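Good morning, and thank you for joining. I would like to take you through one structure today, beginning with the whole chain and then moving to its elements.

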Amino acid sequence: KRHCIQSALPSFIFCGDINFQKKAEAIIKAKTESDMTVVIVSHSSEHINNLCDRTVTLKNGQLITADEM
């Protein structure tokens, strides 16, 4: 399973041209599909939903939600 913690991916990853975005997302996806636990911090629920099968949402260091995707 892929495990990601949602809080807030650097937005610059999704600000470049489309080729850069695809390359960056492919690298991240390869890591999330490995056996390691990956921590992704992003403001984009869409990117989190595409990359993760489990999320934890924190606000001011407090657990808000823990969900299976």
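**Surface, confidence and fold**

The accessible surface of the protein chain comes to about 4800 Å², and 54% of that surface belongs to carbon and sulfur atoms. These areas come from the Shrake-Rupley method with a 1.4 Å probe, and for residues only the protein chains shown count as cover.

Please note that this is a predicted model, in which local features need pLDDT of at least 70 and side-chain atom pairs count only at pLDDT 80 or more, while totals for chains, interfaces and linings use all residues. Residues are numbered from 1 along each chain as its sequence is written, and side-chain values use heavy atoms, with hydrogens and water left out.

As for confidence, pLDDT is the predictor's own score for each residue, from 0 to 100. The mean pLDDT of the protein chain is 75, and 75% of its residues reach 70 or more. Which elements mark the two ends of the confidence range? Confidence is lowest in helix H2, residues 45-51, at a mean of 78, and highest in strand S2, residues 62-68, at 88. Where pLDDT is low, the predicted coordinates should not be read in detail.

The protein chain contains 2 helices and 2 strands, arranged along the sequence as α-α-β-β. Both kinds of element are DSSP runs numbered from the N terminus: helices are H or I with at least four residues, and strands are E with at least two. Of the 69 residues in the protein chain, 26% are buried. Here, buried means under 20% relative accessible area, exposed means over 50%, and partly exposed lies in between, with a 1.4 Å probe and protein chains only.

**The helices**

Helix H1 has 15 residues and spans 21 Å from its first C-alpha to its last, close to the 21 Å expected at 1.5 Å a residue. That expected span is 1.5 Å times one less than the number of residues.

Which residues of H1 are buried? They are Ala 24, Ile 28 and Thr 32. These residues lie on the same side of H1, because they cover an arc of only 75 degrees around the axis. The arc is that of the directions from the helix axis to the C-beta atoms. The buried residues of H1 pack against H2, where contact means heavy atoms within 4.5 Å. On the face turned away from the buried side, H1 carries the exposed residues Ile 18, Asn 19, Lys 22, Lys 23 and Ala 30.

Glu 25 also belongs to H1, residues 18-32. Glu 25 counts as partly exposed because its relative accessibility is 25%. Glu 25 and His 47 are 22 residues apart in sequence, with their C-alpha atoms 8.9 Å apart in space.

In the loop between H1 and H2 we find Val 39, which is exposed at a relative accessible area of 53%. The C-alpha atoms of Val 39 and Val 56 are 9.9 Å apart, and the two residues are 17 apart in sequence.

**The hairpin**

Strand S1, residues 54-59, runs antiparallel to S2, and 6 bridges join them. Two strands pair if DSSP finds at least two bridges between them. Val 56 stands opposite Ala 66 in S2, and Thr 55 has Asp 67 as its bridge partner.

S1 and S2 form a hairpin with 2 residues between them. Asn 60, in the loop between these strands, has a positive phi of about 55 degrees although it is not a glycine. Most residues other than glycine have a negative phi. Asn 60 is also exposed, with a relative accessible area of 73%.
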